[in-house]
Amino acid sequence: MNRFRIISGVLAAFGLAFAAPALAHHSPASFDLTKRTTMSGVIQQAMFRNPHGKMVLNVKVGNAVEKWEVETSAANLLRRRGWNFTKFRPGASITVYGHLNKTLPRNIYVREVRFADGTFFGDKEGNDKALD
């Protein structure tokens, strides 16, 4: 009986270890890919990793500042497309071009980023080719 509990525990641990990364990865299907939107803000935080990266932007709306979550494609894909992650540091002003989440407020999937100095990362042609 004791051996059965140990084996069950080990199998459950393996199942959780492999299920968590699968839950973290998702397609951009939760975003409205039929409409593009643009917003400008200041980077509070940027984390580029796999399977998806994330930035937190402080976006000024009237007299208030809203925190927006910006999702990106995988770090290795963005790097292959020329993104220089050292440029994405807290305090940098950027304009984000992308698609709003269908259900989560203040959440956008990024396609292109332009910095205040004119530096641009993304698809210069404005095509919505898959970034995932």
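In the predicted model, I43 stands opposite L57 in β2. Strands β1 and β2 pair in the antiparallel sense over 5 bridges, and a hairpin of 5 residues joins them. Here two strands pair if DSSP finds at least two bridges between them; strands (E, at least two residues) and helices (H or I, at least four) are DSSP runs, numbered from the N terminus. β1 also runs antiparallel to β4, joined by 6 bridges, and M39 stands opposite V96 in β4.

This is a predicted model, in which local features need pLDDT of at least 70 and side-chain atom pairs count only at pLDDT 80 or more, while totals for chains, interfaces and linings use all residues. Residues are numbered from 1 along each chain as its sequence is written, and side-chain values use heavy atoms, with hydrogens and water left out.

A search of the whole structure finds 3 salt bridges, each a side-chain nitrogen of Lys or Arg within 4 Å of a carboxyl oxygen of Asp or Glu. E112 pairs with R36 at 3.4 Å between the closest N and O atoms. E112 counts as buried at 6% relative accessibility, whereas R36 counts as partly exposed at 35%; buried means under 20% relative accessible area, exposed over 50% and partly exposed in between (1.4 Å probe, protein chains only).
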